[in-house]
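The entries follow in the order in which I looked things up.

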Amino acid sequence: MLQVNRRIKDIVGSTTLAITARAKELQAQGHDVVNFAAGEPDFDTPDFIKQAAIRAIDKGETKYTPSIGTVDLREAIAAKFQKDNGLAYKTNQIVVSCGAKHSLFNIIQVLVDDGDEVVFQAPYWVSYPEMVRAAGGKSVVIPTDASSGFKITPELLKRHITPKTKILIINSPSNPTGVMYQKEELAGIAAVCVQHNIYVISDEIYEKLIYDTDVFTSIASLGKDIFDLTLTVNGVSKAYAMTGWRIGYAAGPAGIMEVIKKYQDHSTSNPASISQAAALEALKASQESINQMCQTFKKRRDLMLRCLDGVPRLSYIRPQGAFYVFCDFSKAGDAASIARQMLDDIKVAGIPGDGFGAPDYIRFSFATSEARIQEGISRVAKWIANQAQLKV
Ligand SMILES: Cc1ncc(COP(=O)(O)O)c(C=O)c1O
């Protein structure tokens, strides 16, 4: 028997990988696969960002940096928080890590003790429960559904709080639903967290990809009490099409960030120096590339929704952000087997919802061209109509 650490041995592998691997296999065999599985922008990193990285190499910025990131980058992040989110973080309250995933992992490792409860809603991002498990904590999942717009309310949150509740994780806009919390909704949730002295991890990685409004609210901006309890997480992966560069960051109370620094000192040390130079350029230069990407994603979202409206038996909640449509397949059959069958029969890859805590759903990503969106959803529509005929 493998002698693996008891907290780590039950970690579940990423469900997205199985479908993605099968899609790649089919593609390699020459099949015309429509890939709605992607969890990253299909755009290339903007050229001016790449050039900054090349300059960094040429200038010899190829050595260790402070483990929590260069001062320049942390200053740029502090300025971004102030400008975009109204958050006054000092540079000693910011830690740059190897992607927002790493920032989240660090925070959970540092805050969670054996048996501590971490509350978050389903549908959730696949990594939250596994990170909590790895830290020896217990995930307390608040179920939400389409009828509540996939949102928790203060009342729902209160019902899931126990003396062991340590953290609430909020992810807005959400992966996988694309749902975004409004300021008033966050204020209600913040009040409960303050009342019960619960930390909040605010995963804001999709902040820049929002479609129906310009207004994004960071929960930490809603007053000093909640600011002092919140760890705000963001990064450059999604906003600047930089998923491979691995730069994310977290900001929060100085005492906690100091412990996170020590933890990172002895694990990864600094994220790649060249990626930090690229992220610095991304944050400091004109934000026009973000606006263009966002406009393109909005057009694609609207197209995917129009196409899905023509598919019988499917429903969805309109995503206000991120680049996913979370589709309810419960009227069409078992979503997990449908996702597998669709890939084999019509070569359309979507991610089954069970890994997100929503087994009736399949996540379709619109991080692909308009032509592929039309092609993919029309294949799905025909397939579902055929399946329905086969059943009668
Ligand atoms: C909700 C959410 N949080 C965090 C991340 C991690 O992003 P990064 O690539 O910066 O690690 C992702 C990536 O898919 C995500 O969807």
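Entry 1, cysteines. I took C327 and looked for the cysteine sulfur closest to its own; that sulfur is in C307, 11 Å away, so the two are too far apart for a bond. I then started from C307 and came back to C327, again at 11 Å and too far for a bond. I use a cut-off of 2.5 Å between cysteine sulfur atoms for a disulfide. My search of the whole structure returned zero disulfides. I note here that the model is a predicted one.

Which residues are closest to the ligand? I counted 13 residues around the ligand, and the closest are A100, N175, D203, K238 and R246. I sorted this shell by class and got five nonpolar, four polar and four charged residues. When I checked the pockets, the space taken by the ligand was the largest pocket.

N175 has a polar side-chain atom 2.8 Å from a ligand oxygen. For Y206 I found a polar side-chain atom at 2.8 Å from an oxygen atom of the ligand. W125 also places a polar side-chain atom by a ligand oxygen, at 3.4 Å. On its own the ligand has 400 Å² of accessible area, and the protein covers 93% of that.

I placed P176 in the loop between β5 (165-171) and α7 (183-196). I recorded another cis peptide bond between A122 and P123, where omega is about -5°. P123 is in the loop that runs between β3 (117-122) and α5 (127-134). I wrote these down because most peptide bonds are trans.

I looked up A322 and found a positive phi, near 60°, in a residue other than glycine. Where does A322 lie? I located A322 in the loop between β9 (315-316) and β10 (324-328). I kept the entry because most residues other than glycine have a negative phi.

Note on methods:
Residues are numbered from 1 along each chain as its sequence is written. This is a predicted model: local features need pLDDT of at least 70, side-chain atom pairs count only at pLDDT 80 or more; totals for chains, interfaces and linings use all residues. Side-chain values use heavy atoms; hydrogens and water are left out. A residue is near a molecule or strand if one of its heavy atoms lies within 4 Å of it. A polar contact is a pair of N or O atoms within 3.5 Å; within protein, one must be able to donate a hydrogen and the other to accept it, and residues adjacent in sequence count only if both atoms are side-chain atoms. Accessible areas come from the Shrake-Rupley method with a 1.4 Å probe; for residues, only the protein chains shown count as cover. On a 1 Å grid over the protein atoms alone, a cavity is a set of points where a 1.4 Å probe fits but cannot get out, and a pocket is an open set with protein on both sides within 12 Å along at least five of seven lines; lining residues have an atom within 4 Å of a point. A molecule sits in a cavity or pocket if more than half of its atoms lie within 2 Å of its grid points. Ala, Val, Leu, Ile, Met, Phe, Trp, Tyr, Cys and Pro count as nonpolar, Asp, Glu, Lys and Arg as charged, and the others, Gly among them, as polar. Helices (H or I, at least four residues) and strands (E, at least two) are DSSP runs, numbered from the N terminus.
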